[in-house]
Each structure stands twice: as C-alpha cells, then as structure tokens.
Amino acid sequence: MIGFDTIGNATLTVFDDSPVLSTDPWVFGSPYFGSWGHKYTIPNEQINNIKKSKYIWLSHGHPDHIDYSSFKLFENSIILVPDHYGDRIYNYFSKKYKCIKLKSNEWFQISKNVKIKSFSDWNQDGSLLIEILKKNIIFNQNDGQSRGWSKTIKNIIKSYQNRFLLRLINWGDADMINIFDHHQNFILPQAAKEPAVGKQYKNLMKSWNCNLAIPFSAFHKYIRTDSIKMNKFITPISRHSEGFNDKFGELLPAYIRWDCTKNDFKKITVEENNQLPQNPIEFGDNWSDELEKEDKKIIQDYFLKIESLKKYWGTISFKVGSKELNIKISNKNSHILFEAPKKSLILSIKKEIFDDMLIGNFMKTTIINKKSLYPNFTPYVAKYADNGNANSIKEINKYFDYYKINSADYWRDMFLFKTEQIVRDFISPNSLIFSNLKKIKQKIY
C-alpha cells in the first residue's frame, strides 16, 4: 500500500509498501507530569507500523510529540529533526540514535515514492510537507504556525492534486488555561465559548491552499485529579465538523488509512480510553511539600537569568505548600503567581521544560496587571530560553538573526506576529474584538 495512516494524537505513518515514516509518535506514557492521557487507544496494528517505520520525524519538544517512554520502539529507526537554533532536540537524540538534521526547504527522499520537506520556525516548532506519488502533498503543521515560511509553503502546496491539511484545530484547551485574575476569579478560556471549529478548518484550508483536512494533534484528555476539571474544555471529536462547509474542500474523519493508488480512504476503528483519574501523588506530586533552600535558589537562578522578562514583569512568585517564594524581576507592577506542587515544578526547571507545567493545567496561575502570559512570558521562557538556550538579550538577538537568515518569509511573518503582540497587549484574548481579529489574521496568514 502506498499512502498513510493517521492515529493517536499527532501521529502520521506513511507507507511505500512498508512503513517508511512516522511523525511525533506518542504511543505510551502520560505527558505533562501525568496530566495528559490518550483520548483514544492506538490499535496494535498501528503501533507495529510505527515501530517498523524507517524514519521518525519530530516536530517540536512538547512531550505529546516527543514521548520518551515511547522511544523504546525506535531502536532501529532514523530520527529526523528540523534545523533549529540551539539544536536541543538534535543534540539529545544524536547521542543515542542515528539522527539527521534536515535543512529547511530542502527535499529529502525517504523512499522511491515519498519525499519530504521540513521547515523550522522561530517559535521552535517544525512543519513538514510529505509528497507521495508526486500528486499528493500532506501539510503536517501539528501545533505550529510555520512562522517564516508561510508564503513558501503555500506556493509549494497549490500545485498538487490532493492537498491535505493536518494541524491542531480545536476550542483551545491545548495551552495554559488554568488562569485566575487578581480577585482569584477563574478566567474562562476561549474554549468555554465552544467556537465552531469547522469554520476554522474552512478558513485554514483556504489560507494554506488545501482541499482536504484531517483533525489532528487534538486528541488528549486530562487524567490527573487536579487537572480533570479541564476536560470540559476539550473539543469532542463529533464537533470538529460544526460550521464546516465544503466550499474549499472536504473534512475527513480523524483516523483514516488513505490509499494514494485508489485515491480513497477507510476509517480506522479506535476505542475511547477509559483510563481512571490518577492521583498526583502517583507522579510524585504532593501539594503539601515545601521548598527547601536549594529549591528556592534553583527557581531564582532560572528566572533571573532570562533577561527579557525584566522588560515586562515586576515579580514572579511561587506558592508551594503553604509558603510563597517571591522573585523580584524589576520595579514594574506586573505580577505572576504560580501555585504548584514541588516535584514537578523543580523537575521542570532542572530539565528546562517549564512549558510542561503550563500546558499540564494543574498549576494555578494568577496574572496581575497584564492580560496574558503571551507573548511576554511564555515564548521567552519556554521557546527562546528553554529550547533555544537564549537567555540574555545578546543571545536573543543571535537567536532571531539565525531565523532571519534561514527563513524565506521571515519579515512578512514577523510583521504579522508583531501586530498580534500589540493587539494582545491592549485587548483581552477572551474578547469579541480579539476573536474577530484572529479570524482576519487566519485569512491573511
């Protein structure tokens, strides 16, 4: 069979008679410190195909895309990674596996009938184009936005007969949403409005020149007892078609086997994962544990070294157990308070994966005198510092200089990004105005 399967959360397995490529294989494990589980089980046939894949492509560092407990399956595979500044993923995997760093916008032949192009963007995300039998192109955008490559990718896609869009489209829970205001009121996320995601598919298919779309990178559930309350914000698979029309193409089921020789597909039958809620203690998190002296120093050193935070934040605080640790960043009146259990917090800082605390959504975040952690906290900490090893202002400049040189559409996409930053500083992300501006951005992008 020449074609592909979609399965799991964000896994695509491509066949050229045998499995030649699988992407972002989260097969086992509970990422984000046990907070996430699979919404649907992966059948044994698909697990075996992933295991047999000659190549494994990794888009970015989130653990639902790079799940370390799953990598026991890939001892005989070749790991493919985008060419990011800092090379964090490449440096890690090249010590243990045969690993190839793919230069952006260059074709890489993986079999007789299949070739790929990888694209790295300045947000440490990667996108992938997969050409099968010359007439089919799959645009695997997963969680990213292909910043620095939008026009280039669109121009490549438009010449193919079957043009598949695979990317995260949902109500918006796959991000930090456990947020409170200074009165300790929970701030309802955009996902609470249950927007018709079918409209997003339609708009994005038009924007990216695709005529087929498959729900992708959106199939998790919260399984920790301190995060399961967030399950009400997850988009049910049955509601992905709401608001969709076929003006620009067809929305296919989430789990399919597409046969490129027959130009048709069959559904893959999956079962819902009935995993019971897990106590955070099972993952080593006891909410009553207090910080030790050395823990406080680890946290302080970590945040004080990220120089860009001084431009936007005054104080960053942590409530762990019954006590608070306050870190003064500058004299500004903006303030963040994180309430978190000790073990996962310290581990996230030691391993430089603080984004895992945010997306796990068991940590409670209070924001004072700012509308959001984005774009003036999360990218600087999770993307530029943790993943790109750029902490100082000088290092940040070098970081972006790299993407200026290595991204064909950098200036165009950076203009849109900076415009979005200005809007976020003055308009609430939960407002109708912001929602309308986001729709306009999708059409332009």
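A search of the whole structure finds 14 salt bridges, a salt bridge being a side-chain nitrogen of Lys or Arg within 4 Å of a carboxyl oxygen of Asp or Glu. Side chains of opposite charge can pair when their charged atoms come close. The model is predicted, so local features need pLDDT of at least 70 and side-chain atom pairs count only at pLDDT 80 or more, while totals for chains, interfaces and linings use all residues. Residues are numbered from 1 along each chain as its sequence is written, and side-chain values use heavy atoms, with hydrogens and water left out.

Among the salt bridges are these:

| Pair | N to O distance |
|---|---|
| R257 and D5 | 2.7 Å |
| R239 and E194 | 2.9 Å |
| R224 and D285 | 2.8 Å |

R257 and D5 meet through their side chains. This pair links distant parts of the chain, with R257 in strand β17 (residues 256-259) and D5 in strand β1 (residues 2-7), 252 residues apart. R257 is partly exposed, with a relative accessible area of 26%, whereas D5 is buried at 2%. Here buried means under 20% relative accessible area, exposed over 50% and partly exposed in between, using a 1.4 Å probe and protein chains only. D5 and R257 also belong to a salt-bridge network that includes E45.

R239 and E194 form another salt bridge. R239 lies in the loop between β15 (220-222) and β16 (250-251), and E194 in the loop between β13 (179-180) and α5 (197-207), 45 residues apart. R239 is partly exposed at 23% relative accessibility, and E194 is partly exposed at 35%.

R224 pairs with D285. R224 sits in the loop between β15 and β16, and D285 in the loop between β18 (264-267) and α6 (293-304), 61 residues apart. Both R224 and D285 are buried.

For the chain as a whole, the secondary structure comes to twelve helices and 22 strands, taken as DSSP runs numbered from the N terminus (helices H or I, at least four residues; strands E, at least two). The C-alpha atoms fill a box of roughly 65 × 45 × 45 Å along the principal axes. Buried residues make up 58% of the 445 residues.
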